[in-house]
Amino acid sequence: MGKMAAALGSVATLATEPGEDAFRKLFRFYRQSRPGTADLGGVIDFSAAHAGRGTGPGAHKVVRSQLSVSSVSDHDAHRAGLQPVSKWQAYGLEDYPGFIFIPNPFLPGYQWHWVKQCLKLYSQKPNVCNLDKHMTKEETWNLWEQSKEFLRYKEVNKRRPRSLLEKLRWVTLGYHYNWDSKKYSADHYTPFPSDLAFLSEQVAAACGFQGFRAEAGILNYYRLDSTLGIHVDKSELDHSKPLLSFSFGQSAIFLLGGLKRDEAPTAMFMHSGDIMVMSGFSRLVNHAVPKVLPSSNGESLPCCLETPPPAVVPRDSVVECCSAEDWQVCASYLKTARVNMTVRQVLATDQDFPLEPTEESKRDITTEGFCHLDDENSQVKRARLNPDS
(Lines give C-alpha, C1' and ligand atoms only; values in the text may rest on other atoms or scores of the structure.)
Protein backbone atom coordinates (compact mmCIF):
# COMPACT_ATOMS: atom_id res chain seq x y z
CA MET A 1 0.00 0.00 0.00
CA GLY A 2 2.89 2.35 0.78
CA LYS A 3 4.42 1.81 -2.66
CA MET A 4 1.11 2.55 -4.36
CA ALA A 5 0.64 5.71 -2.36
CA ALA A 6 4.17 6.81 -3.16
CA ALA A 7 3.62 6.20 -6.86
CA LEU A 8 0.37 8.13 -6.88
CA GLY A 9 2.03 10.93 -4.96
CA SER A 10 4.82 11.14 -7.54
CA VAL A 11 2.35 11.25 -10.41
CA ALA A 12 0.19 13.86 -8.71
CA THR A 13 3.19 16.06 -8.02
CA LEU A 14 4.35 15.74 -11.59
CA ALA A 15 0.93 16.63 -12.96
CA THR A 16 0.95 19.96 -11.13
CA GLU A 17 4.22 21.15 -12.65
CA PRO A 18 3.77 24.07 -15.07
CA GLY A 19 4.98 24.23 -18.65
CA GLU A 20 3.71 20.92 -20.09
CA ASP A 21 0.34 19.36 -20.83
CA ALA A 22 -0.84 16.60 -18.49
CA PHE A 23 -0.29 13.82 -21.03
CA ARG A 24 3.29 14.85 -21.81
CA LYS A 25 4.14 15.01 -18.11
CA LEU A 26 2.95 11.48 -17.48
CA PHE A 27 4.62 10.27 -20.67
CA ARG A 28 7.92 11.66 -19.38
CA PHE A 29 7.30 10.21 -15.90
CA TYR A 30 6.78 6.68 -17.19
CA ARG A 31 9.56 6.93 -19.76
CA GLN A 32 11.97 7.62 -16.90
CA SER A 33 10.33 5.14 -14.50
CA ARG A 34 12.30 2.31 -12.93
CA PRO A 35 10.85 -1.22 -12.95
CA GLY A 36 10.64 -2.81 -9.54
CA THR A 37 10.10 0.50 -7.77
CA ALA A 38 7.06 2.48 -6.68
CA ASP A 39 7.10 4.25 -10.07
CA LEU A 40 4.86 1.58 -11.63
CA GLY A 41 2.45 1.27 -8.72
CA GLY A 42 -0.21 3.26 -10.56
CA VAL A 43 -0.23 1.11 -13.71
CA ILE A 44 -3.29 -1.09 -14.24
CA ASP A 45 -2.56 -4.77 -14.83
CA PHE A 46 -5.51 -6.45 -16.55
CA SER A 47 -3.74 -9.82 -16.33
CA ALA A 48 -3.86 -9.48 -12.55
CA ALA A 49 -7.59 -8.79 -12.78
CA HIS A 50 -7.90 -11.95 -14.88
CA ALA A 51 -6.22 -13.88 -12.08
CA GLY A 52 -8.54 -12.40 -9.46
CA ARG A 53 -5.92 -10.14 -7.88
CA GLY A 54 -6.04 -6.39 -7.42
CA THR A 55 -4.95 -4.20 -10.32
CA GLY A 56 -3.36 -1.31 -8.46
CA PRO A 57 -4.65 2.19 -7.72
CA GLY A 58 -6.61 2.31 -10.99
CA ALA A 59 -8.65 -0.78 -10.07
CA HIS A 60 -11.78 1.27 -9.48
CA LYS A 61 -11.83 2.21 -13.17
CA VAL A 62 -11.85 -1.39 -14.40
CA VAL A 63 -15.18 -2.90 -15.48
CA ARG A 64 -16.05 -6.17 -17.16
CA SER A 65 -16.88 -6.02 -20.87
CA GLN A 66 -19.41 -8.27 -22.52
CA LEU A 67 -18.36 -10.16 -25.65
CA SER A 68 -20.50 -11.49 -28.48
CA VAL A 69 -19.76 -15.16 -27.82
CA SER A 70 -22.14 -16.49 -30.48
CA SER A 71 -20.54 -14.38 -33.24
CA VAL A 72 -17.40 -16.56 -33.45
CA SER A 73 -17.55 -20.34 -33.54
CA ASP A 74 -15.07 -22.30 -31.46
CA HIS A 75 -13.79 -23.77 -34.72
CA ASP A 76 -13.07 -20.36 -36.28
CA ALA A 77 -11.43 -19.17 -33.07
CA HIS A 78 -9.18 -22.25 -33.14
CA ARG A 79 -8.36 -21.61 -36.81
CA ALA A 80 -6.94 -18.23 -35.75
CA GLY A 81 -5.04 -19.72 -32.81
CA LEU A 82 -7.47 -18.38 -30.22
CA GLN A 83 -9.27 -19.96 -27.29
CA PRO A 84 -13.07 -20.20 -27.54
CA VAL A 85 -14.52 -16.73 -26.99
CA SER A 86 -16.49 -18.08 -24.01
CA LYS A 87 -13.14 -18.47 -22.21
CA TRP A 88 -11.86 -14.95 -22.93
CA GLN A 89 -11.81 -12.32 -20.20
CA ALA A 90 -12.61 -8.80 -21.39
CA TYR A 91 -12.34 -5.53 -19.50
CA GLY A 92 -13.08 -1.87 -20.04
CA LEU A 93 -12.50 1.41 -18.22
CA GLU A 94 -15.28 3.57 -16.80
CA ASP A 95 -14.12 6.76 -18.49
CA TYR A 96 -13.44 5.16 -21.89
CA PRO A 97 -16.57 3.87 -23.63
CA GLY A 98 -15.62 1.64 -26.56
CA PHE A 99 -12.29 0.52 -25.07
CA ILE A 100 -11.89 -3.25 -24.62
CA PHE A 101 -8.84 -5.03 -23.19
CA ILE A 102 -8.54 -8.80 -23.63
CA PRO A 103 -5.65 -10.39 -21.68
CA ASN A 104 -3.94 -13.06 -23.83
CA PRO A 105 -6.73 -15.13 -25.42
CA PHE A 106 -4.30 -17.12 -27.60
CA LEU A 107 -4.03 -20.89 -27.36
CA PRO A 108 -0.72 -22.07 -25.84
CA GLY A 109 2.05 -21.89 -28.42
CA TYR A 110 0.04 -20.12 -31.10
CA GLN A 111 1.63 -16.73 -30.53
CA TRP A 112 4.71 -18.19 -32.22
CA HIS A 113 3.01 -17.99 -35.62
CA TRP A 114 2.20 -14.29 -35.35
CA VAL A 115 5.70 -13.40 -34.12
CA LYS A 116 7.24 -15.37 -36.98
CA GLN A 117 4.95 -13.66 -39.49
CA CYS A 118 5.93 -10.19 -38.24
CA LEU A 119 9.64 -10.96 -38.46
CA LYS A 120 9.87 -13.36 -41.41
CA LEU A 121 6.94 -12.68 -43.78
CA TYR A 122 5.30 -9.30 -43.19
CA SER A 123 8.69 -7.55 -43.24
CA GLN A 124 9.27 -8.63 -46.85
CA LYS A 125 8.56 -6.67 -50.00
CA PRO A 126 6.23 -5.46 -51.38
CA ASN A 127 5.35 -4.24 -47.87
CA VAL A 128 6.86 -0.90 -46.86
CA CYS A 129 9.23 -0.34 -43.91
CA ASN A 130 11.30 2.43 -42.33
CA LEU A 131 14.52 1.08 -43.88
CA ASP A 132 13.25 1.89 -47.39
CA LYS A 133 14.19 5.53 -46.95
CA HIS A 134 17.85 4.68 -46.52
CA MET A 135 18.30 1.49 -48.55
CA THR A 136 17.40 0.13 -51.98
CA LYS A 137 14.66 -2.44 -52.53
CA GLU A 138 17.33 -5.05 -53.25
CA GLU A 139 18.96 -4.37 -49.88
CA THR A 140 15.66 -4.70 -47.97
CA TRP A 141 14.14 -7.49 -50.06
CA ASN A 142 14.40 -10.21 -47.40
CA LEU A 143 15.34 -8.89 -43.97
CA TRP A 144 14.86 -12.29 -42.37
CA GLU A 145 17.43 -14.07 -44.52
CA GLN A 146 19.94 -11.28 -43.97
CA SER A 147 19.43 -11.28 -40.20
CA LYS A 148 18.74 -14.82 -39.04
CA GLU A 149 22.34 -15.91 -38.61
CA PHE A 150 23.16 -12.73 -36.67
CA LEU A 151 20.22 -13.35 -34.32
CA ARG A 152 20.76 -17.10 -34.02
CA TYR A 153 24.26 -16.58 -32.61
CA LYS A 154 23.59 -13.29 -30.87
CA GLU A 155 24.07 -14.76 -27.40
CA VAL A 156 27.46 -16.14 -28.40
CA ASN A 157 28.72 -12.80 -29.61
CA LYS A 158 26.73 -9.89 -28.16
CA ARG A 159 29.18 -7.39 -29.62
CA ARG A 160 27.94 -8.04 -33.16
CA PRO A 161 26.42 -4.98 -34.89
CA ARG A 162 22.64 -4.88 -35.01
CA SER A 163 21.05 -6.91 -37.79
CA LEU A 164 18.58 -5.33 -40.22
CA LEU A 165 15.67 -6.87 -38.31
CA GLU A 166 16.93 -5.18 -35.16
CA LYS A 167 16.99 -1.87 -37.06
CA LEU A 168 13.40 -2.35 -38.22
CA ARG A 169 10.98 0.12 -36.61
CA TRP A 170 7.77 -0.15 -38.62
CA VAL A 171 6.14 -2.00 -41.50
CA THR A 172 2.88 -1.06 -43.23
CA LEU A 173 0.43 -3.52 -44.79
CA GLY A 174 -2.54 -3.20 -47.16
CA TYR A 175 -3.20 0.50 -47.68
CA HIS A 176 0.23 1.88 -46.80
CA TYR A 177 0.15 4.84 -44.44
CA ASN A 178 2.00 7.88 -45.75
CA TRP A 179 3.88 9.34 -42.78
CA ASP A 180 4.37 12.71 -44.49
CA SER A 181 0.84 13.39 -45.78
CA LYS A 182 -0.79 11.37 -42.94
CA LYS A 183 -3.10 9.78 -45.52
CA TYR A 184 -3.94 6.50 -47.19
CA SER A 185 -4.50 6.32 -50.93
CA ALA A 186 -5.89 3.87 -53.48
CA ASP A 187 -2.66 3.75 -55.49
CA HIS A 188 -0.43 2.82 -52.54
CA TYR A 189 -1.76 -0.64 -51.73
CA THR A 190 -0.57 -4.24 -51.60
CA PRO A 191 -2.70 -7.29 -50.68
CA PHE A 192 -3.40 -7.50 -46.96
CA PRO A 193 -2.18 -10.78 -45.36
CA SER A 194 -5.08 -13.25 -45.32
CA ASP A 195 -4.12 -14.86 -42.00
CA LEU A 196 -3.97 -11.53 -40.16
CA ALA A 197 -7.24 -10.46 -41.79
CA PHE A 198 -8.93 -13.63 -40.50
CA LEU A 199 -7.57 -13.15 -36.97
CA SER A 200 -8.73 -9.52 -36.96
CA GLU A 201 -12.19 -10.41 -38.23
CA GLN A 202 -12.71 -12.95 -35.44
CA VAL A 203 -11.59 -10.54 -32.71
CA ALA A 204 -13.72 -7.72 -34.14
CA ALA A 205 -16.78 -9.96 -34.37
CA ALA A 206 -16.30 -11.14 -30.78
CA CYS A 207 -16.32 -7.47 -29.74
CA GLY A 208 -19.56 -6.77 -31.62
CA PHE A 209 -18.16 -5.57 -34.96
CA GLN A 210 -19.38 -8.13 -37.49
CA GLY A 211 -18.34 -7.35 -41.04
CA PHE A 212 -15.06 -5.68 -40.06
CA ARG A 213 -12.59 -5.56 -42.98
CA ALA A 214 -8.85 -5.55 -42.30
CA GLU A 215 -7.56 -3.06 -44.88
CA ALA A 216 -4.46 -1.48 -43.34
CA GLY A 217 -1.92 -2.50 -40.77
CA ILE A 218 0.97 -0.78 -39.02
CA LEU A 219 3.46 -3.06 -37.31
CA ASN A 220 5.73 -1.42 -34.73
CA TYR A 221 9.00 -3.08 -33.73
CA TYR A 222 10.21 -1.90 -30.32
CA ARG A 223 13.63 -2.22 -28.79
CA LEU A 224 14.03 -1.72 -25.04
CA ASP A 225 14.81 1.97 -25.60
CA SER A 226 11.90 2.61 -28.01
CA THR A 227 8.86 4.78 -27.39
CA LEU A 228 5.73 5.57 -29.36
CA GLY A 229 4.89 9.28 -29.28
CA ILE A 230 1.55 10.77 -28.27
CA HIS A 231 -0.85 10.62 -31.19
CA VAL A 232 -4.40 10.04 -32.44
CA ASP A 233 -5.22 7.51 -35.17
CA LYS A 234 -7.63 9.50 -37.32
CA SER A 235 -6.37 9.11 -40.90
CA GLU A 236 -8.82 6.32 -41.70
CA LEU A 237 -11.88 7.61 -43.56
CA ASP A 238 -14.32 5.55 -41.46
CA HIS A 239 -13.99 6.02 -37.69
CA SER A 240 -17.01 3.89 -36.87
CA LYS A 241 -14.89 0.75 -37.13
CA PRO A 242 -12.50 -0.26 -34.33
CA LEU A 243 -8.73 -0.13 -34.12
CA LEU A 244 -7.30 -3.53 -33.13
CA SER A 245 -3.95 -3.88 -31.37
CA PHE A 246 -2.01 -7.14 -30.79
CA SER A 247 1.12 -7.28 -28.59
CA PHE A 248 3.90 -9.88 -28.54
CA GLY A 249 7.18 -10.12 -26.65
CA GLN A 250 8.36 -7.95 -23.78
CA SER A 251 5.81 -5.97 -21.79
CA ALA A 252 5.22 -2.25 -22.16
CA ILE A 253 3.28 0.61 -20.58
CA PHE A 254 0.40 2.00 -22.63
CA LEU A 255 -1.10 5.43 -21.92
CA LEU A 256 -4.73 6.05 -22.87
CA GLY A 257 -5.70 9.72 -22.73
CA GLY A 258 -8.59 11.93 -23.75
CA LEU A 259 -9.57 14.01 -26.75
CA LYS A 260 -7.24 16.79 -25.55
CA ARG A 261 -3.68 16.67 -24.33
CA ASP A 262 -4.51 18.48 -21.10
CA GLU A 263 -6.38 15.38 -19.88
CA ALA A 264 -4.17 13.06 -17.84
CA PRO A 265 -3.98 9.55 -19.34
CA THR A 266 -4.59 6.19 -17.69
CA ALA A 267 -1.57 3.85 -17.59
CA MET A 268 -1.80 0.09 -18.15
CA PHE A 269 0.51 -2.81 -18.86
CA MET A 270 0.51 -4.59 -22.23
CA HIS A 271 1.82 -8.14 -21.97
CA SER A 272 2.55 -10.69 -24.68
CA GLY A 273 -0.65 -11.93 -26.29
CA ASP A 274 -2.81 -9.06 -25.04
CA ILE A 275 -5.34 -7.51 -27.41
CA MET A 276 -6.78 -3.99 -27.23
CA VAL A 277 -9.81 -2.74 -29.14
CA MET A 278 -10.44 1.00 -29.45
CA SER A 279 -13.87 1.99 -30.75
CA GLY A 280 -16.50 4.68 -30.32
CA PHE A 281 -15.28 7.50 -28.09
CA SER A 282 -12.00 5.69 -27.43
CA ARG A 283 -11.26 5.40 -31.16
CA LEU A 284 -10.08 9.02 -31.37
CA VAL A 285 -8.34 9.63 -28.05
CA ASN A 286 -4.66 10.40 -27.53
CA HIS A 287 -2.47 7.41 -26.70
CA ALA A 288 1.22 6.52 -26.49
CA VAL A 289 3.80 3.96 -25.35
CA PRO A 290 6.41 5.64 -23.12
CA LYS A 291 8.22 2.54 -21.89
CA VAL A 292 9.19 -1.00 -22.86
CA LEU A 293 9.89 -3.05 -19.76
CA PRO A 294 12.85 -5.43 -19.73
CA SER A 295 12.25 -8.89 -18.32
CA SER A 296 12.75 -9.08 -14.56
CA ASN A 297 14.89 -12.19 -15.15
CA GLY A 298 17.34 -10.51 -17.48
CA GLU A 299 17.08 -11.36 -21.17
CA SER A 300 14.32 -13.95 -21.10
CA LEU A 301 10.98 -14.57 -22.78
CA PRO A 302 7.56 -14.14 -21.16
CA CYS A 303 6.27 -17.44 -19.79
CA CYS A 304 3.45 -17.63 -22.34
CA LEU A 305 6.03 -17.81 -25.14
CA GLU A 306 7.93 -20.74 -23.64
CA THR A 307 5.31 -23.31 -24.66
CA PRO A 308 5.70 -24.58 -28.23
CA PRO A 309 2.66 -24.96 -30.50
CA PRO A 310 1.27 -28.44 -31.18
CA ALA A 311 3.12 -30.49 -33.79
CA VAL A 312 -0.04 -30.68 -35.92
CA VAL A 313 -2.54 -27.84 -36.40
CA PRO A 314 -6.04 -28.17 -37.91
CA ARG A 315 -5.94 -28.55 -41.69
CA ASP A 316 -7.98 -25.39 -42.31
CA SER A 317 -6.09 -23.30 -39.73
CA VAL A 318 -4.60 -19.99 -40.85
CA VAL A 319 -1.83 -20.63 -38.33
CA GLU A 320 1.22 -22.52 -39.57
CA CYS A 321 3.67 -24.65 -37.63
CA CYS A 322 6.79 -22.74 -36.62
CA SER A 323 10.02 -24.70 -36.96
CA ALA A 324 12.49 -24.90 -34.09
CA GLU A 325 15.06 -23.12 -36.26
CA ASP A 326 12.71 -20.22 -37.01
CA TRP A 327 11.66 -19.89 -33.39
CA GLN A 328 15.28 -19.79 -32.26
CA VAL A 329 15.67 -16.60 -34.31
CA CYS A 330 12.36 -15.15 -33.09
CA ALA A 331 13.12 -15.93 -29.46
CA SER A 332 16.55 -14.32 -29.68
CA TYR A 333 14.93 -11.19 -31.10
CA LEU A 334 12.11 -11.03 -28.52
CA LYS A 335 14.40 -11.30 -25.50
CA THR A 336 15.09 -7.59 -25.90
CA ALA A 337 12.12 -6.46 -28.00
CA ARG A 338 8.39 -6.43 -28.56
CA VAL A 339 6.21 -6.33 -31.66
CA ASN A 340 2.81 -4.68 -31.96
CA MET A 341 0.33 -5.19 -34.81
CA THR A 342 -2.42 -2.58 -35.27
CA VAL A 343 -5.14 -3.33 -37.81
CA ARG A 344 -7.70 -0.88 -39.19
CA GLN A 345 -10.56 -0.63 -41.66
CA VAL A 346 -9.87 2.44 -43.78
CA LEU A 347 -13.04 2.82 -45.86
CA ALA A 348 -16.71 2.43 -45.03
CA THR A 349 -18.74 -0.05 -47.04
CA ASP A 350 -19.07 1.14 -50.66
CA GLN A 351 -16.84 4.15 -49.92
CA ASP A 352 -14.04 5.25 -52.25
CA PHE A 353 -11.06 7.50 -51.67
CA PRO A 354 -11.78 11.15 -52.59
CA LEU A 355 -10.25 12.34 -55.84
CA GLU A 356 -6.95 14.11 -55.31
CA PRO A 357 -6.44 17.50 -57.04
CA THR A 358 -4.42 17.30 -60.23
CA GLU A 359 -1.02 19.01 -60.36
CA GLU A 360 -2.52 21.76 -62.51
CA SER A 361 -5.34 22.48 -60.08
CA LYS A 362 -2.87 22.44 -57.19
CA ARG A 363 -0.90 25.26 -58.86
CA ASP A 364 -4.11 27.28 -59.19
CA ILE A 365 -4.76 27.21 -55.45
CA THR A 366 -3.34 30.27 -53.77
CA THR A 367 -1.69 29.96 -50.39
CA GLU A 368 -2.51 33.54 -49.43
CA GLY A 369 -4.38 33.69 -46.14
CA PHE A 370 -3.22 30.23 -45.01
CA CYS A 371 -0.68 29.44 -42.34
CA HIS A 372 1.20 26.22 -41.80
CA LEU A 373 1.11 24.94 -38.26
CA ASP A 374 4.26 23.06 -37.29
CA ASP A 375 3.96 22.93 -33.53
CA GLU A 376 4.75 20.06 -31.17
CA ASN A 377 1.23 18.67 -31.37
CA SER A 378 1.35 18.20 -35.13
CA GLN A 379 4.73 16.50 -34.91
CA VAL A 380 3.94 13.94 -32.24
CA LYS A 381 0.77 12.79 -34.02
CA ARG A 382 2.89 11.18 -36.73
CA ALA A 383 2.89 8.05 -34.54
CA ARG A 384 6.57 7.41 -35.14
CA LEU A 385 8.72 5.14 -33.07
CA ASN A 386 11.48 7.11 -31.38
CA PRO A 387 14.23 4.52 -30.89
CA ASP A 388 16.65 6.97 -29.30
CA SER A 389 14.24 8.44 -26.76
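Start with the loop between H5 and E4 and select Pro 126, which is found there. In this predicted model, a cis peptide bond joins Lys 125 and Pro 126, with omega about 15 degrees. Most peptide bonds are trans.

Two bridges join E4 to strand E5, residues 170–174, and the two strands run antiparallel.

Keep H5 and H9 on screen and hide the rest. The two helices pack at an angle of about 80 degrees, with their axes 10 Å apart. H5 and H9 are therefore roughly perpendicular to each other. To show the contact, select Trp 112, Val 115, Lys 116, Leu 119 and Lys 120 in H5, together with Asp 326, Trp 327, Cys 330, Tyr 333 and Leu 334 in H9. The residues of this contact divide into seven nonpolar, no polar and three charged.

Stay in H5 for one more residue, Gln 117. Gln 117 is buried, with a relative accessible area of 5%. Leaving aside neighbours within four places in sequence, Gln 117 is in contact with Tyr 122, Ser 123, Asp 195 and Glu 320.

In soluble globular proteins, nonpolar side chains tend to be buried together. The largest nonpolar core here has 65 residues, of which Trp 114, Leu 196, Leu 199, Tyr 221, Phe 246, Trp 327 and Met 341 touch the most other members. Helix H8, residues 194–206, gives the most to this core, with eight residues. Another core lies apart from it and has 21 residues, among them Val 62, Leu 243, Met 276 and Val 285.

Then select strand E10, residues 266–270. Five of its five residues are buried, so E10 is largely enclosed by the rest of the structure. Thr 266, Met 268 and Met 270 point one way from the strand, and Ala 267 and Phe 269 point the other way. Leu 255 stands opposite Ala 267 in E10.

The last stops are two backbone angles. Most residues other than glycine have a negative phi. Lys 182, in the loop between E5 and H8, has a positive phi of about 60 degrees although it is not a glycine. At 30% relative accessibility, Lys 182 counts as partly exposed. Finish at Asp 350, in the loop between E13 and helix H10 (359–364). Phi of Asp 350 is near 65 degrees, again a positive value in a residue other than glycine. Asp 350 counts as exposed, at 77% relative accessibility.

Definitions and conventions:
Residues numbered from 1 in each chain as written. Predicted model: local features only at pLDDT ≥ 70, side-chain atom pairs only at ≥ 80, totals over all residues. Heavy atoms only, no water. Pairing = 2+ DSSP bridges. Helix = DSSP H or I, 4+ residues; strand = E, 2+ residues; numbered from the N terminus. Core = buried A, V, L, I, M, F, W, Y, C linked by side-chain atoms within 4.5 Å. Buried < 20%, exposed > 50% of the residue type's maximum accessible area, 1.4 Å probe, protein only. Axes fitted to C-alpha atoms, helices over the stretch in contact; angles between N-to-C directions. Parallel < 35°, antiparallel > 145°, perpendicular 65-115°, else oblique. Contact = heavy atoms within 4.5 Å. Nonpolar A, V, L, I, M, F, W, Y, C, P; charged D, E, K, R; others polar.
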